[in-house]
Amino acid sequence: MKVSIIGSGYVGTTLAACLADLGHTVTAIDVDESVVDRINAGEAPIHEPGLADLVAEHAGNRLRATTDYAAVRDTDVTFIALPTPSRKDGSIDTSLVEMGTESLGEALREKDGEHLVVVKSTVVPGTTAERVAPVLVEASGKQLGEGIDVAMNPEFLREGHAVSDFLDPDKIVFGAEREAAFATLRELYRPLTETTDTHVVETGLNEAEIIKYANNAFLAAKISLMNELGNICKEYGIDAYEVADAIGLDDRIGSQFLNSGVGWGGSCFPKDVAALIAAADEVGYDAQLLKAAVAVNDRQPERLLSLLDDHGDVAGQRVAVLGLSFKPGTDDIRESRAIPVIQGLLDRGADVVGYDPVAADRMRERFPDITYADSAAEALRDAHGAVVVTDWDEFAALDEEFDTMARPVVVDGRHVVGRREGLTYEGLTW
């Protein structure tokens, strides 16, 4: 099939490269000329394992990029993969999605034949039907089911695993109101559904929209619950990871997302949970459990720093922060737990030295005045303390590097560093 994708961020670029890999002809549309130029040159505009290889392989063949919305006329399906940033109250701002839809509709006004518009952006229930569809209808001059149609296809991509998550998904969700839209989506995803054991869920627009929020809210709440249990275990001197291993054997609970630590961040969990809380507030429901999950998460960075405080004042002292991205495998620092940790150290007067394999340049934009090391060993040298915020594999291999610290105190927020003689080790929840 011929597919166009509006937006070339994490979701849009992954979607474009993976659909091209499945054999479709894909046109990426983005207003940023530098992003377009990179894709056409065979370069991925974002850091994501496996993505660069797919872009390099398919660019100039089944994958191209442009700034011209008119390119959608030569395609059968258009995905909208534009950001929906959070407002101060946690609700989402759909203005970029609506602007993109308007430009798309204007381009489709000159197209003959059927065209399906699929919302890939994460939006609250009612957005596709009540905001996207009316804008599309007005801009295109066409009616739904008569030349154009809309659908919702939420993404379930983990940063650091986005390519593998797309190519081997647990589930694919189609939301639509008419059979023709479902048929188009089935055909588009047939290369996946015929080669994997994925579950396909066909449902309404509103249901598809909230499934994404429910998915992330459940996982975020599970992490916060385990962190709360871990905090209690810490007070009793109990290893929370032993407890997690045991309860994870219960099929009703499962072992995933039971690693207690400094909390969740990134582009999805914080924004999606906040948006779901705001959406609930809008219809008069007080989502107390979700609010509690956020509160537990927000406390974890300060709990980590309080454990470091127990071993002495860090004012004027060098402190290493190991890990700056919100999770390993990505350079994304959005809502990274390293941000409140660094700010808390600066508030304490510490001389902060940060290290991350790939995210230092992004964090430098946020904290330009702290020091950034080229290696974990460099960050630890002469440090009076260290905190582990991201569980990069290389941190698990650290050993004699701790011997170069002026005061070998490590507070591990991710259960990645091993206890050893000569090292004062504190686990956040164990």
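## Annotated binding residues, core and sheet of a predicted model

An unreviewed UniProt entry lists, under "binding site", Phe-156, Leu-157, Arg-158, Glu-159, Lys-212, Phe-257, Leu-258, Asn-259, Ser-260, Gly-261, Gly-265 and Lys-327. These residues span 172 residues in sequence and their farthest two C-alpha atoms lie 24.1 Å apart, so they do not all gather at one spot. Among them, Leu-157, Glu-159 and Lys-212 belong to the lining of the second largest pocket. UniProt positions follow the numbering used here, feature names are shortened, and annotations may be inferred rather than shown by experiment. A pocket is an open set of points on a 1 Å grid over the protein atoms alone, where a 1.4 Å probe fits, with protein on both sides within 12 Å along at least five of seven lines; lining residues have an atom within 4 Å of a point.

The model is predicted: local features need pLDDT of at least 70 and side-chain atom pairs count only at pLDDT 80 or more, while totals for chains, interfaces and linings use all residues. Residues are numbered from 1 along each chain as its sequence is written, and side-chain values use heavy atoms, with hydrogens and water left out.

Phe-156 lies in the loop between strand 7 (147–152) and helix 6 (162–167), and Glu-159 is located in the loop between strand 7 and helix 6. Helices (H or I, at least four residues) and strands (E, at least two) are DSSP runs numbered from the N terminus. Glu-159 is buried, at a relative accessible area of 8%; buried denotes under 20% (1.4 Å probe, protein chains only). The table gives contacts (heavy atoms within 4.5 Å).

| Residue | Contacts, leaving aside residues up to four places away in sequence |
|---|---|
| Phe-156 | Asp-165, Lys-171, Val-173, Ile-211, Lys-212, Asn-215 |
| Glu-159 | Tyr-10, Glu-48, Ser-267, Phe-326, Lys-327, Thr-330, Asp-332, Arg-334 |

The largest nonpolar core has 51 residues, of which Leu-322, Leu-324, Leu-345, Met-363 and Phe-395 touch the most other members. Such a core is a set of buried Ala, Val, Leu, Ile, Met, Phe, Trp, Tyr and Cys residues joined through side-chain atoms within 4.5 Å. Helix 12 supplies its largest share, five residues.

Six strands form an open sheet in the order 12-11-10-13-14-15, with parallel pairing. Its edge strands, strand 12 (371–372) and strand 15 (424–427), each pair on one side only; pairing requires at least two DSSP bridges between two strands. Strands 14 and 15 run parallel and are joined by four bridges. Val-409 has Thr-424 in strand 15 as its bridge partner.

Definitions and conventions
Buried means under 20% relative accessible area, exposed over 50%, partly exposed in between (1.4 Å probe, protein chains only).
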